[in-house]
Amino acid sequence: MSNAVLATPEVPFESRGLDKKQTWWERLRKGDEVVHLITLAGGWSILVITGLLVQHLWVYSRLSRHAFGWHFLVDSTWDPVNGVFGAWPFVYGTVVTSLLALTIAIPIGLGSAIFLAELAPRKLSNALTFLIELLAAVPSVIYGLIGIFLLIPVLFNVVPYVQKYFGWIPIFNGTFYGVSYFSASIVLAIMVVPFIISISREVLISVPVSQREAMMALGATKWDVTWRAVVPYARQGIMGSIFLSLARALGETMAVTMVIGNVAQVSTSLMAPGYTIAAVIANEFTEATGDLYLHALIELGLVLFVVTMIFNALARLLMLTMKGHEVVG
Amino acid sequence: MALVSFDLDTEEGLSMIRRFLALALITTASAFAQQVTLTGAGSTFANPLYSSWSGHYHALHPNVEVNYQSIGSGGGIRQLIAGTVDFGATDGPMTNAQLAEAQQKRGTAILHFPTALGAAMPSYNIPGVTATLKFTPAALAGIYLGKITKWNDPEIQRPNPGVKLPSSNIVVIHRSDGSGTTYTWADYLSKVSPEWKNKIGVGTSVNWPVGLGGKGNEGVAGLIRRIPNSIGYIELIYAVQNHILYGEVKNSSGNFIEADLKSVTAAAAGATKTMPADFRVSITNAPGADAYPISTYTWLLVPEKLSDMTKAKALKEFLRWGLTDGQQYCAPLTYAPLPAAVVQKELQQMKKLQY
């Protein structure tokens with residue numbers, strides 16, 4: 001170790017400087033301390049904002065928490081007139097639409113990212129990436145309108161055939177009204193695909209050439225290089241893009257409420273209308289009268305926060321186990 | 001300015017400048033004193049009307065600016081109780097509990113002043129049917145309770161002998177966002193159906209037994225247009241401005257009435273005799289041969305006492321103007337204007353304002 005340090009002349013020079021403990025004032029003058037303080041403030045502000053958010057959600061949901069306790073999570077009745085509130089249909093709708101959206105979006109997004117980063121000519125790749133980044137900036141109400149005017153008419157033609165042949169599977173049966181979990185999931189998938197593509201492509205491009213060259217030296221085909229050297233190397237970044245997409249899907253409001261049907265019920269069929277947490281908050285908050293009603297809506301916000309955290313935790317756990325496999329393999 | 005030359009060396013010149021400055025100061029000060037901004041918040045339904053009033057009133061009284069934010073009736077009531085706005089606006093009257101809360105928090109009573117009228121009407125999309133359908137109260141309640149599920153149900157067919165109704169299932173559509181229109185619709189159904197009153201009740205959002213939710217009038221209208229054999233309810237303004245087909249509803253006198261500005265004003269006139277002193281009245285299913293039964297007032301909420309007298313006086317004048325001259329701006333925006341008798345009662349009520 002010490003040999004390696006001596007081999008590079010700059011390192012001993014710097015380490016000498018560090019050994020001689022600098023005073024706080026010196027570090028401030030050199031700018032290190034300034035940067036440290038600024039970044040520290042940035043880091044703290046995130047903690048403070050999150051803390052305030054949770055505190056607010058907790059305090060202003062107390063009436064509802066005291067009235068319903070844990071039943072709030074499992075009850076299916078949402079009756080503002082009689083003051084009975086249960087969140088289960090909304091939680092169910094949020095989880096189902098988000099997971100289905102990711103199931104649709106991941107293969108498309110990852111496929112496109114690999115194509116753009118590895119296979120496409122650079123000019124085409126840059127042009128397409130520019131378009132994809134534009135897509136990410138489209139307001140969600142536009143995606144909702146696309147859902148209503150383009151997607152639903154198409155689904156009205158397609159779904160009857162699906163139901164004719166696969167109607168015996170519970171997730172496809174029932175009357176189809178156009179608005180449904182399925183329609184909402186597709187709109188969500190379209191919304192999150194640009195995130196997955198854009199971030200994953202950046203990560204894939206930044207994989208060092210040495211990784212590819214090493215694999216090629218072993219006689220691998222182009223696809224082998226991509227799938228077995230480049231993608232695993234970029235896995236962390238790709239997972240990051242998927243987390244971001246999941247967070248967007250869980251919290252998306254406007255586009256979902258336009259195509260999900262807004263019915264507080266739990267259905268096995270993906271063709272049935274449903275509701276999500278974010279949608280019901282947006283729909284009912286402005287006209288909510290009565291403290292219990294307001295507190296119930298805010299408790300829904302708290303539930304959404306917790307659902308998002310659980311999903312993040314599970315995803316991180318998944319990544320840890322994947323790393324474990326890699327070490328074993 | 002260039003024509004006025006001051007001789008700064010003389011006593012006279014200096015005093016002229018002093019006088020000139022003093023005059024300028026007084027003019028600006030008095031202009032500032034008269035400048036009043038009234039803030040209000042609430043009903044989204046009445047927003048076009050109050051915005052129009054605000055503009056017209058400002059043209060007449062340049063020193064008064066009315067700033068109205070359409071954050072929803074529930075929000076308007078909350079802000080008024082919290083004291084962050086000078087007046088509120090709502091499509092459903094405040095409850096006794098809310099009035100008590102305002103009394104306790106602000107130390108003043110809140111008065112309701114009806115400003116205009118709206119209505120909700122049934123709109124439908126049945127392939128092959130272009131006629132104006134007639135709906136009985138029992139039919140509407142049955143459909144929204146999920147008891148009547150087919151279009152050719154006798155309760156729907158009976159008043160429409162000339163129309164061939166299909167045997168298809170009815171798709172019920174309602175508002176998903178909390179709204180005054182839902183309040184009116186549910187209020188009407190509670191009056192004509194004891195079962196609705198007991199099981200569902202009245203509110204800006206209710207626990208719907210059946211149906212899909214659309215966000216806003218445009219959301220409901222969009223679902224009706226896209227889903228065959230559907231029925232939904234739509235606000236008068238939206239339906240008229242977008243030329244949407246809607247049905248007639250049987251009123252308390254047994255006549256089938258189409259909603260328009262006249263039949264809605266007639267409902268208000270019909271309910272005037274039984275109007276309570278605080279104007280917190282529902283005019284659904286009102287008496288009167290020509291009254292459209294699913295009509296409603298929209299109210300301004302004004303505190304009885306205000307600490308800032310300049311503001312208070314301006315608010316009072318604005319209210320008086322809205323109830324009298326302001327009524328001419330209702331019809332062009334498709335709000336039904338108030339009946340004259342109601343305006344008289346409200347002007348009497350204004351004497352209660354302690355400013």
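This is a predicted model: local features need pLDDT of at least 70, side-chain atom pairs count only at pLDDT 80 or more; totals for chains, interfaces and linings use all residues.
Chain B contributes 31 residues to the contact and chain A contributes 29 residues. About 2100 Å² is buried between the two chains, with 52% of that area on carbon and sulfur atoms. Of the area that chain B buries against chain A, 26% comes from B:R78, B:K215 and B:R226, more than from any other three residues. Polar contact, in comparison, is found for 11 residue pairs across the interface, with both residues at pLDDT 80 or more.

On the side of chain B that touches chain A, the elements giving two or more residues are α3, β6 (171-175), β7 (212-214) and α9 (216-226). Helix α3(B) gives the most to this side, with 4 residues. By class, the side of chain B that touches chain A consists of 8 nonpolar, 18 polar and 5 charged residues.

Helix α3 (residues 73-82) of chain B also packs within its own chain. Its axis and that of helix α4 (residues 96-106) of chain B come within 8 Å and cross at roughly 30°. Angles under 35 degrees count as roughly parallel, and α3(B) and α4(B) are therefore roughly parallel to each other. From α3(B), the residues B:I77, B:L80 and B:I81 meet B:Q98, B:E101, B:A102, B:K105 and B:R106 of α4(B). The residues of this contact comprise 4 nonpolar, 1 polar and 3 charged.

How values were computed: Residues are numbered from 1 along each chain as its sequence is written. Chains are lettered from A and ligands numbered from 1 in the order in which they are written. Side-chain values use heavy atoms; hydrogens and water are left out. Axes are lines fitted to C-alpha atoms, for helices over the stretch in contact, and angles run from 0 to 180 degrees between N-to-C directions. Angles under 35 degrees count as roughly parallel, over 145 as roughly antiparallel, 65 to 115 as roughly perpendicular and the rest as oblique. Contact means heavy atoms within 4.5 Å. Ala, Val, Leu, Ile, Met, Phe, Trp, Tyr, Cys and Pro count as nonpolar, Asp, Glu, Lys and Arg as charged, and the others, Gly among them, as polar. Buried area is the accessible area (1.4 Å probe) that two parts lose on being put together, summed over both. A polar contact is a pair of N or O atoms within 3.5 Å; within protein, one must be able to donate a hydrogen and the other to accept it, and residues adjacent in sequence count only if both atoms are side-chain atoms.
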